[in-house]
Amino acid sequence: MTYESERLMFRPWTVDDAEECFALSSDERVGPMCGWLPHKNVEETKAILEGVLINDHTFCIIEKSSGKIVGNMGIDYVYSEGEGGKKVRVEDERELGFWLGHPYWNKGYMTEAVKATIDYCFNELGMNRLLCGHFDYNHASARVQEKCGFKFEATSKKFWERLDKEVVLVDNQLFKDKRKPLIGLQLLVDEKKESYWMLPGYFEGIAEAGGIPVMLPLTSDEDEIKQLVSEFDGFIITGGHDVGPEVYGMTDEVGNVEPCKARDDMEVLLLKEIIAADKPVLGICRGLQFINAALGGNLYQDIPTQFPSDVNHRQPAPYDAPIHPVKLEEGSWIAKISGAEELMVNSCHHQGIKELAECLSVAAKAEDGLVEAIELPDKKYVKAVQWHPEFMHKKDETSKRIFCDFVNACR
């Protein structure tokens, strides 16, 4: 079983490859980036070949021009948990794992190898989904996977015995199905200019994550909203106006609440229908506040007067610069996708959560205790952040992952 690309050929390993394999795998710059220690001698390499690499789904990579081995490509089986905890092979999925010898770095070989393997898996093996991952410090592997179309799936922390240390694993995925999820973005309203509009960061974040962003119409017609929820794969409740106190059964207590009643009216119906249909929804800034208010919580209507703090919750431009830390709740969705315990975030909001709706869980808080991220555990995907990933996604990895995590849930 072999396949090839323009400059490379892929074939199964044999014991006769031990010396060439050892010359590459004994380099301390290679193994630790992939999860294993450099080989000590040819005998160890032979044992690894016989016990690990010689099988029907692992290939050595050959440079056609020289005939030399340059690296390894694994097309490993994927297993799920079946009845009684028994592992069952997933027939239409594989996981790629690869390494390249140091003399062959910076030639574009690994990107070429992964693209050829993707084609082989989808078109020859009949796979529908590929997984691939890297340690968070392996930036070269991250770039290769991004170039080849893999999108972020999740992060996890674990103790890696072969390296005797804790690592953060970043898992990515790629689908054969080219259909992109259709994402409905709640429009922004400028009442003075009588215009509906959208910030480009929302569109860019969704598009880069593999979705198709579409701005929704402003409507409170129940039949139209039901049709929208039926036809879209997921929704983002964007930032914008204050949430009207009427949404959570109160009145303007501070005299400076600036709601958009048309948005409030629409989003009450929209969120109800989204949750009933169990479609994914991501709230951002006002979106977080609205989800909490609509589900039974309430808000600080004016943070400076009702929740005075040393934390700057309303920074000046530029808005892509982080301004304060947030502490992530262990096991929360935002902790899982970031692989962190704390994040630096931007902040530009007038209101915030005062009392959390009973059905929601806190995912992150600012140093002053203000809720910065939430989730609804009983549904497929109802999550929200107080900060603005649409401004930070080009610079900040977690902001990019927020969009990817959401779009993945919409598939």
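Reply: Let us begin with strands. Two strands count as paired if DSSP finds at least two bridges between them. The model before us is predicted. In this model, strand β16 (residues 324–328) and strand β19 (residues 361–366) are joined by 3 bridges and run antiparallel.

Me: Which residue in β19 is the bridge partner of V326?

Reply: The partner of V326 is A366 in β19.

Me: How many bridges join β19 to strand β20, and in what direction do these strands run?

Reply: There are 4 bridges between β19 and strand β20 (residues 371–375), and the two run antiparallel. Within this pairing, A364 is found opposite A373 of β20. The strands β19 and β20 form a hairpin with 4 residues between them, where G369 adopts a positive phi near 95°.

Me: Now to the second topic. Why can charged side chains pair?

Reply: Side chains that carry opposite charge can pair when their charged atoms come close. In this structure there are 17 salt bridges. One of the pairs is D265 with K261, whose side chains meet at 2.8 Å, N to O.

Me: Where do D265 and K261 lie?

Reply: Both belong to helix α8 (residues 261–277), and they are 4 residues apart, about one turn of the helix. D265 is partly exposed, at 34% relative accessibility. K261 has a relative accessible area of 58% and is exposed, because exposed means over 50%.

Me: Which residue meets R286 in a salt bridge at 2.9 Å?

Reply: The side chain of E267 forms that salt bridge with R286, at 2.9 Å from N to O. R286 is part of helix α9 (residues 286–294) and E267 is part of helix α8, so this pair ties together parts that are 19 residues apart in sequence.

Me: Are R286 and E267 buried or exposed?

Reply: R286 has 1% relative accessibility and counts as buried. E267, with a relative accessible area of 0%, is buried.

Me: What of K383 and E375: how do their side chains meet?

Reply: They meet in a salt bridge at 3.6 Å, N to O. K383 is at 12% relative accessibility and E375 has a relative accessible area of 14%. K383 therefore counts as buried, and so does E375, because the cut-off for buried is under 20%.

Definitions and conventions
Residues numbered from 1 in each chain as written. Predicted model: local features only at pLDDT ≥ 70, side-chain atom pairs only at ≥ 80, totals over all residues. Heavy atoms only, no water. Salt bridge = Lys/Arg side-chain N within 4 Å of Asp/Glu carboxyl O. Buried < 20%, exposed > 50% of the residue type's maximum accessible area, 1.4 Å probe, protein only.
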